[in-house]
Amino acid sequence: MTASKTYPPGTAASDDSKARSLLLFAAVVLVVQAIFWFGVYQPFLSIPASGQIDRMAFTNIRITELATPTPEAAAAAVHQPVILPHTVCCEPVYLSLKLDFSVTDVPPEGLGLLTYHWVDNMIVQVNGTVVVADGVMKFGRQTFEGQKGRLVHIPAGLLRPGSNSLSFITVRDGMPYTDLYPPILAPVDQIKPWAARRLWQQNEYQLIAGWTTFILGLLAVLIILRSQERGFAAWLAVLCFSWTALAAYALVLNYPVGGTLRMIAFFAINSLVSTALLGFVDAWSRRPLPWLQPFAILAWTMLVLVSAYWLLYRPMPEGYDVPALIWSVFTTVMGVAVVLRVAWHFISVREDRRIEGALLSLVAVCIVLDAVDTYLGANTEDYVLQSGPVLLFALVAAFIQRNFTLFQSARDLNTHLAERLAEREVELQAAQAREHDRVRLQAHNDERRRIMRDMHDGLGSQLMGMLLAARRGKAEPAVVAEGLQSVIDEMRLMIDSMDSVGESLASALTTFQDRVRPRVEAAGFALAWNGLVDTPLPDYLPRVVLQVFRILQEAVNNALKHSGGDRIEIGVGQDSEAGAVRLTVSDNGKGYSGTSTSGHGLRNMKTRATLIGASLTIDASETGTDVVLILRPVPREP
């Protein structure tokens, strides 16, 4: 089977791979769009039609402006006929709207009223009795309960057979347009189930979406503090918090600012959603365009400043119409830019996050529809708010998919690392063996050079002296025999030391004991060995072990030749310094020192101790000589 050629995510792909990836992404986008609009939006989020409700007709519709928003002022004012829907422009205004309706038989459960007036706040009366009077109605301090969807229950006790009156007192300040639409009035048992989904969509659904995006924004802040991709997390936080602010704009009805500042906040928050989405998608692509995010921030800043200028300093309705048109064009352009940015990403690179891209494109489509819908003047759909949970789903899908991939990759990575670790262990073992052989060989070579110097200075001088004495006829057989025996013993010690190179200190001491005991006992000495079995010894380098071996050889050899005693004791134990090893060679002879001993033995012992960083002391007295070698706790390279 031939393996297919793959391209890792985020890298340039071949032309065929680009085409396949783009077609697959387009198919995923179509599927996601179809699922949302036909499987999610229509059953749950679309505004239900009122065609099957027995709506009551209104007659004698009339309107007037009021100086003060009170029921008394409305009752005394003269009203003029009007046809709904009706729009009043352009200054802050109090209005009184009156409608008549007829009831043949009063329903026992009463009637249900849904209002669709685009006003800041209002007072509702039925037959002169106030049924709704929430918040504040005064210019500049008004609250915005009029923009909250509610089902008003009109009890049967307020109704009478025949003609009834319904009146609204409204306030509008900041927004130049007061839009009045025919309310929906029907038996409460019919209108209540119909309005339940609509009111849930306008209230609880937006509240849930707002809190969800707020929590997600807090999570994004934590990601900023912990993640290396801070740009991605920062745009995610801005997107979530702007979505939360947009939901709060529709739910919070008591603002500390007037209507004009509220309109500025609307344009800033709503446009920030589309701006943050573009920046988020650019960072999400992992290949951000260097100019796109700064341009989006600059464009949003300019939009807010222009909107504030027109709303604060230009006459109405142009002061509102121009920012509204700019905002509509801006959000449309941003939404289209999001779609194009996602599409360009899938065109230019091989990308596996198709579902995430399709969901983000869906959010962009909702932004475009919201902007176009407002521009056309309908303003009946809140696609942006409704797509909030879709964004949540997109991010959850992104998290699950990415982390599942990470978990799978982590397992593969662990397997790969385990294999690499095993390979490295084999390589390290081979390298350690090579290094051990190299150190051993170098130690041999160093010792050979040392032996050659010893042979030249020690054995060579002894043999040369005996040769000259023999040629001159002055060689006594006993002296020559003793000299030859000394030379043979020295050569044997040299050969023994060569065999110990590369062993541990404990093994070298065991070898030393086995080889020196026969020679000591043959010379008429008793050998005592203390502490080798019970003393744990550190692992020293082969060169250190070799020099220790040679120092002990020299010490025993000197004791045999010069002590004049009959007992040699070798001790191995711990020194007072933590981790240090103390080696002693003691005899019970007459004592000797470096000045009383011929040859180079004692000088060589001190030189060897210096090479391995050890300390060597020789304590000679009339009762014997103690040679003490202390090895440092941390052996160092000679």
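Which hand does the link of Cys 89 and Cys 90 have, and what is the angle about the S-S bond?

A: Happy to. Please keep in mind throughout that this is a predicted model.

The link of Cys 89 and Cys 90 is right-handed, with 100° about the S-S bond. The sulfur atoms of Cys 89 and Cys 90 lie 1.6 Å apart, and the pair is assigned as a disulfide. The cut-off behind that assignment is a pair of cysteine sulfur atoms within 2.5 Å, and by this rule the count comes to 1 disulfide. The backbone here deserves a look too: the peptide bond that joins Cys 89 and Cys 90 is cis, with omega about 25°. Most peptide bonds are trans. As for where this sits, Cys 90 belongs to the loop between β3 (86-88) and β4.

Strand β4 (residues 93-103) pairs with strand β9 (residues 162-172) in the antiparallel sense, over 11 bridges. Strand β1 (residues 59-66) holds Asn 60, a residue other than glycine with a positive phi, near 50°. Most residues other than glycine have a negative phi.

There is another open sheet, this one of 3 strands in the order β8-β5-β11, again with antiparallel pairing. Its edges are β8 (151-154) and β11 (184-187); each has a single partner strand, so one side of each is left without a neighbour in the sheet. From one strand to the next, the twist averages 25°. Strand β5 (residues 111-114) runs antiparallel to β11, and 4 bridges join them; within this pairing, Leu 113 stands opposite Leu 185 in β11. Helix α3 (residues 188-202) packs on this sheet, where it touches β5, β8 and β11, and its direction makes about 130° with that of β11.

Now for the helices. The axes of α7 (residues 292-313) and α8 (residues 318-348) come within 8 Å and cross at roughly 165°. That angle makes α7 roughly antiparallel to α8, and their crossing is left-handed. On the α7 side, the contact includes Leu 292, Trp 300, Leu 303 and Trp 310, while the α8 side includes Tyr 320, Ile 326, Trp 327, Phe 330 and Arg 341. Sorted by class, this contact has 15 nonpolar, 2 polar and 2 charged residues. The loop between α7 and α8 is where Pro 317 is placed, and here we meet a cis peptide bond again: it joins Met 316 and Pro 317, with omega about 10°.

Helix α14 (residues 542-563) and helix α15 (residues 601-611) have axes that come within 9 Å and cross at roughly 155°. α14 and α15 are therefore roughly antiparallel to each other, and α14 passes α15 in a left-handed crossing. Among the contact residues are Arg 550, Ile 551 and Glu 554 of α14, along with Leu 602, Met 605 and Arg 608 of α15. By class, the contact of α14 with α15 has 5 nonpolar, 4 polar and 3 charged residues.

Let's finish with the strands β12, β13 and β14. Strand β12 (residues 526-530) and strand β13 (residues 567-574) run parallel and are joined by 5 bridges, with Asn 530 opposite Gly 571 in β13. β13 is also joined to strand β14 (residues 581-587), this time antiparallel and by 7 bridges; the bridge partner of Val 572 in β14 is Leu 583. β13 and β14 form a hairpin with 6 residues between them, and Gly 579 in the turn has a positive phi of about 85°.

Key. Residues numbered from 1 in each chain as written. Predicted model: local features only at pLDDT ≥ 70, side-chain atom pairs only at ≥ 80, totals over all residues. Heavy atoms only, no water. Axes fitted to C-alpha atoms, helices over the stretch in contact; angles between N-to-C directions. Helix = DSSP H or I, 4+ residues; strand = E, 2+ residues; numbered from the N terminus. Parallel < 35°, antiparallel > 145°, perpendicular 65-115°, else oblique. Left-handed = near helix turned anticlockwise from the far one by under 90°. Contact = heavy atoms within 4.5 Å. Nonpolar A, V, L, I, M, F, W, Y, C, P; charged D, E, K, R; others polar. Pairing = 2+ DSSP bridges.
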